[in-house]
Amino acid sequence: MRSNEQPSAALPAALINLLALDLPSAKRLMEKLGWPRYRAQQIFRWLHRRRVSDLAQMTDLSKTERARLRAIARIERITECQVFRSADGTRKFLGRLEDGLTVESVLIPDAGRLTLCLSTQVGCTLDCGFCLTGRMGLKRNLKAHEIVDQVLMVQDRLEAMEKVTNLVLMGMGEPLANLDAVSDAIIRLTNTSWGLGIPARRITLSTAGLASRLQDVAALGINLAISLNATTNAQRDRLMPAVNRLHPLNDLLAACRHYPLPPRQRLTFEYVLLAGVNDTEQDARRLTKLLNGLRCKVNLIPFNEFPGSPFRRPDEASVLRFQSVVRRAGLDVFIRKSKGRDVLGACGQLGDLPPSQERALLMPVGAGC
Ligand code: SAH
């Protein structure tokens, strides 16, 4: 059992965190109390849609009912959160989890949208050489409610007019290595009756390529992005050893070809551009061959550097050259703007730095908010 499944030291042993329950468990709890099962949805609405953190706020329960609930349950949310604001408007949120670990979420404003990049693990199972998170190793999987709570935590700290509109599961961790919690979180995030009601089409999950689990993403109805990052097995073995050993390039692309893509949707392939490593015209041509016939678009991500990183960011001319080769082959190809680099909030920059470097780089705007 993981530490956050246990009640924290401050709580009596039997106190249940309502936010940590899935709907069937919540219904069972209602039965135990002798209440109608629909009360579970009613309570979930308060938790997700009204973001209440105190049972006293559930005003459609009578005073006696609230007292009975308080005797056995409470609402445990992320309470401590630091916010770092980038010069480009990106905000990085560091939330403190029950066991003292930190979860990172990044809010990216763009063209009328507010996209929140969520973490699914603390650290990461994988060891991609260009990613800072990979260096931490896996601290632990996040629970479903800790994934959802990142949205609640951020939405609580926004201005009245601001609303998170899109979600990307592209923060710390490999979402498909924590599939059960991710699936449960997606249900809570999308459910329109008692969940957050965020449309599935506005949610994208990004995987380093756990090919055997792509079908599970299709079942969730959300968008799928695949971090390809290399065009030969040898290159991918070097850059993403753990995942490519499990699912070599050909297996991954075969799984993509079998993916039950709904009409009008397409896959996204992400490709981190590393100067002198995978950014040549030959790489670009190989990429177009690999993707031939797939209904997809390509997002190029110029490498975001971090202290001690072994790779360099290509200059703009090489990025544009790569893009034009891919475009000439008839593919839609975009260059991802690297937002939040000054607060280490951009792709691949989430993770542990030595404290001295972190202090020098990051100045919180609202510590302990
Ligand atoms: N594990 C998932 C999601 C987290 S990484 C995945 O691999 O897709 C999110 C994206 O950031 C991936 O496309 C990854 O290739 C990219 N990325 C990682 N480190 C990066 C870096 N230093 N610079 C630019 N992109 C990076």
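User: Which residue forms a salt bridge with Arg-51?
Analyst: A salt bridge is a side-chain nitrogen of Lys or Arg within 4 Å of a carboxyl oxygen of Asp or Glu. In this predicted model, Arg-51 pairs with Asp-156, and the closest N and O atoms are 2.7 Å apart. The count between domain 1 and domain 2 is one salt bridge. Residues are numbered from 1 along each chain as its sequence is written. Local features need pLDDT of at least 70, side-chain atom pairs count only at pLDDT 80 or more, totals for chains, interfaces and linings use all residues, and side-chain values use heavy atoms, with hydrogens and water left out.

User: Where do the domains lie in the chain?
Analyst: Domain bounds come from an automatic or database domain assignment. Here that assignment gives domain 1 as 16-74 and domain 2 as 81-361. The contact (heavy atoms within 4.5 Å) takes 13 residues from domain 1 and 15 residues from domain 2.

User: How is the size of such an interface given?
Analyst: It is often given as the accessible area lost when the parts come together. Buried area is that loss with a 1.4 Å probe, summed over both parts. Domain 1 and domain 2 bury about 1200 Å² between them, with 55% of it on carbon and sulfur atoms.

User: Which residues of domain 1 lose the most area to domain 2?
Analyst: These are Leu-19, His-48 and Arg-51, together 50% of what the domain 1 side buries. Arg-51 is also the salt-bridge partner of Asp-156.

Definitions and conventions
Buried area = accessible area lost by both parts, 1.4 Å probe.
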